[in-house]
Structures are given as structure tokens and as C-alpha cells.
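Take a look at the model below. The report that follows walks through a few of its parts.

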Amino acid sequence: VQLQASGGGLVQAGGSLRLSCKASGRTFSSYTMGWFRQAPGKEREFIAAISWSAGRTYYADSVRFSISRDNAKNMVYLQMASLKPEDTALYYCAAARGKIATLTYEYDYWGQGTQVTVSS
């Protein structure tokens, strides 16, 4: 599976963005998909995950974002709202073969990341 994240950019605090992740490969629908982010000098952190059927979602605490997927289009999305400067980071989508996962080592494939910068 190859992943290509897009949709990042510069946004003012309080604004919204929708990140997209395009997956290649015929088995996309069988993977759990997740979003992570990494700010400069910090570890990569889990944001949200969605099961292969989209029947289950899981979020990190206090997340203001929503994850969704469209298996027919091989796409996963992260809708972000009420953005804050501390949301500034490189955002990654990832695919895991197993069940809902929140740890980086549980994911088998990673996209290249898309930069989100929130100005105050």
C-alpha cells in the first residue's frame, strides 16, 4: 500500500482544514487507517484511527477532529476544526493490517506527510 497525504497549508487560528490521504493498492479496504502528527522536536503522536469497514473510530483525548474513509475511492480524511497554533505539525496518514491501532509501530505503511501551520 502506498499513501499520499494532501490538504495541508497555512490557516488562521479557529479555522478548518480537511486532510486527504489517497491509497494505492487493491487491499486498501482491509486496512485500519490512522492519522498521526509530529511537531518539530516532538515525538509522532496518534490523532485518530478508523477500522476497515468504517464501523469503528478511535480518537486521542481532546481531539477536535473527525476521521472518515471512502473505500470505493481509496481515500481517508481528517476533518480538522477550531485549529490552534499548537496543532501546527507535519500530519501523516498510515495503514495497519490489524485492528484499530494507536501506536506507531502497529502501522505498516506511512505517507510522506502534509504540513499544517496554524497562525495566531
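## M33 and its contacts

Start with M33. Leaving aside its neighbours within four places in sequence, M33 is in contact with L3, C21, F28, A48, A49, I50, I67, R69, V76, A94, A95 and Y107. Keep in mind that this is a predicted model.

The largest nonpolar core has 26 residues. Those with the most contacts inside it are M33, W35, L78, M80 and Y91. At least two residues each come from β1 (2-6), β3, β4 (32-38), β5 (45-50), β7, β8, β9 (89-96) and β11 (114-119). In soluble globular proteins, nonpolar side chains tend to be buried together.

There is another core, apart from the largest one. This other core has eight residues, among them F46, A49, I100 and Y107.

## Strand β8

Now turn to strand β8, which covers residues 75-80. Is it enclosed or open? Five of its six residues are buried, so β8 is largely enclosed by the rest of the structure. The cut-off for buried is under 20% relative accessible area.

Strand β8 has two partners to consider. Strand β3 (residues 17-24) pairs with β8 in the antiparallel sense, over six bridges. Here L19 stands opposite L78 in β8. Strand β7 (residues 65-70) and β8 also pair in the antiparallel sense, over six bridges. In this case D70 stands opposite M75 in β8.

## The loop between β7 and β8

Strands β7 and β8 form a hairpin with four residues between the strands. N74 lies in that loop. Most residues other than glycine have a negative phi. N74 is buried, because its relative accessible area is 18% and the cut-off for buried is under 20%.

N71 is also placed in the loop between β7 and β8. How accessible is N71? At 27% relative accessibility, N71 counts as partly exposed. Not counting residues up to four places away in sequence, N71 touches F28, S29 and W52. N71 and A23 are 48 residues apart along the chain. Their C-alpha atoms are separated by 9.5 Å.

## The loop between β8 and β9

Follow the chain past β8. S82 lies in the loop between β8 and β9. The phi of S82 is near 50°, a positive value in a residue other than glycine.

## The largest pocket

How many residues line the largest pocket? There are 13. Of these, R37, D61, S62, V63 and R64 lie nearest the pocket's centre.

Which strand gives the most to the lining of the largest pocket? Strand β5 does, with three residues. By class, the lining has seven charged, five nonpolar and one polar residue.

Terms used: Residues numbered from 1 in each chain as written. Predicted model: local features only at pLDDT ≥ 70, side-chain atom pairs only at ≥ 80, totals over all residues. Heavy atoms only, no water. Buried < 20%, exposed > 50% of the residue type's maximum accessible area, 1.4 Å probe, protein only. Pairing = 2+ DSSP bridges. Core = buried A, V, L, I, M, F, W, Y, C linked by side-chain atoms within 4.5 Å. Contact = heavy atoms within 4.5 Å. 1 Å grid on protein atoms, 1.4 Å probe; cavity = no way out; pocket = protein on both sides within 12 Å on 5 of 7 lines; lining within 4 Å. Nonpolar A, V, L, I, M, F, W, Y, C, P; charged D, E, K, R; others polar.
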